Amino acid sequence: MLEILQLPILKDNYVYLIHDPESGETAAVDPGLAQPVLDAISQKNWPLNYIFNTHHHWDHVDGNLELKQKTGCKIIAGQGDYNRIPGIDIGVNDNDTLSLGKHSIKIMATPGHTLHHIVYYFPGQQKLFCGDTLFVMGCGRLFEGSAEQMWQSLQKLKALPAATQIYCTHEYTQSNGQFALTVEPDNVQLQQKMRAVNQLRANHQPTVPSTIAQELTTNPFFREDSTSLQKTIGMINKTPVQIFAEIRRLKDNF
Ligand code: FE
Ligand code: ZN
């Protein structure tokens, strides 16, 4: 079993520490700041062996150099981001395999939010570290990629086992859910999920991780095939990519 530590940083980011108790190996996912990671590993008495970056945005990489200098960790990121991720040691590509102790990690390329965005999937542990590609009831904005690319990326994540836990990098759940209700007001599971989310947030608790199963029933970006959603946004008889692009456009203006 892996131990996952969730560190809230900045306004609404999460950094994850992934620790394998057997080997002692530890990785930090998207450290936008160094100090919270340094504090956590010293408190836990863990080493820091790796940084796993999902993409080049500052709130995901700004802790890289200080952490590398203070711990000697190796920095892993998408090969395509080689020139724009500070301190990168190993560039990885779609379908590459890494490991943390005995646990294998599959790299999946998920262009859309940025062109070289990657996610880290632990098949044996059913955990997905998905950066800014998939959020709870949402997805990342299209800063570099096209709607078609992002839709393809989300199809890959949608196909993962339903029990897969989703560790995304932002706590955007509440506003994502408010938007989701505008495009699918009659979705009972969505209504239930929002009640649970509102309660968690009222108690200042995280709503992450979610699961693929929960996203399939509540995330509008996984639900372009819902007839009720298509009717609500006036997109009957359009292609899945056209419907996805329209949901994304509506969310950008929400
Ligand atoms: Fe980002
Ligand atoms: Zn981000």
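Modeller: A residue counts as buried when its relative accessible area is under 20%. By that cut-off Asp132 is buried, and so is His170. The model is predicted.

Biologist: What does Asp132 coordinate, and how far apart are the iron ion (ligand 1) and the zinc ion (ligand 2)?

Modeller: Asp132 coordinates both ions, which are 3.1 Å apart. The iron ion (ligand 1) is held by His55 (NE2), His57 (ND1), His113 (NE2) and Asp132 (OD), at 2.2 to 2.3 Å. Its donor angles run from 86 to 176 degrees, so this arrangement is irregular. The spacing of the iron donors along the chain is H-x1-H-x55-H-x18-D. His113 belongs to the loop between strand 8 (103-109) and strand 9 (118-122), and Asp132 to the loop between strand 10 (127-131) and strand 11 (134-135), so the pair links parts that are 19 residues apart in sequence. Both His113 and Asp132 are buried.

Biologist: What is the order of the six strands in the open sheet?

Modeller: Strands of a sheet pair through backbone hydrogen bonds, either parallel or antiparallel. Here the order is 7-8-9-10-13-14, with mixed pairing. Strand 7 (97-100) and strand 14 (210-211) are the edges, each pairing on one side only. Strand 9 and strand 10 are antiparallel over three bridges, and Tyr120 has Phe129 in strand 10 as its bridge partner.

Biologist: Is strand 5 mostly covered or uncovered, and how many of its residues are buried?

Modeller: Strand 5 (residues 74-78) is mostly covered, with four of its five residues buried. Strand 4 (residues 50-52) pairs with strand 5 in the parallel sense over three bridges, where Tyr50 is bridged to Lys74. Strand 6 (residues 90-92) is also joined to strand 5 by three bridges and runs parallel; there Ile76 is bridged to Ile90.

Biologist: Which residues of helix 4 are buried?

Modeller: An α-helix has 3.6 residues a turn, so residues three or four places apart point the same way. In helix 4 the buried residues are Ala147, Met150, Trp151, Ser153, Leu154, Leu157 and Lys158. Viewed down the helix axis they fall within an arc of 160 degrees, so they line one face of helix 4. Helix 4 (residues 147-158) has twelve residues and reaches 16 Å from first to last C-alpha, close to the 16 Å expected.

Biologist: Where does Asn176 lie?

Modeller: Asn176 lies in helix 5 (residues 173-183). At 3% relative accessibility Asn176 counts as buried. Beyond neighbours within four places in sequence, Asn176 is in contact with Phe135, Val136, Met137, Gly138 and Lys251.

Notes
Residues are numbered from 1 along each chain as its sequence is written. Chains are lettered from A and ligands numbered from 1 in the order in which they are written. This is a predicted model: local features need pLDDT of at least 70, side-chain atom pairs count only at pLDDT 80 or more; totals for chains, interfaces and linings use all residues. Side-chain values use heavy atoms; hydrogens and water are left out. Helices (H or I, at least four residues) and strands (E, at least two) are DSSP runs, numbered from the N terminus. Buried means under 20% relative accessible area, exposed over 50%, partly exposed in between (1.4 Å probe, protein chains only). Contact means heavy atoms within 4.5 Å. The expected span of a helix is 1.5 Å times one less than its number of residues. The arc is that of the directions from the helix axis to the C-beta atoms. Donors are N, O and S atoms within 2.8 Å of the metal (3.2 Å for Na, K and Ca); water is not among the atoms, so sites may look incomplete. Four donors count as tetrahedral if all angles lie between 85 and 135 degrees; four count as square planar and six as octahedral if opposite donors are over 155 degrees apart and all others between 65 and 115; anything else is irregular. Two strands pair if DSSP finds at least two bridges between them.
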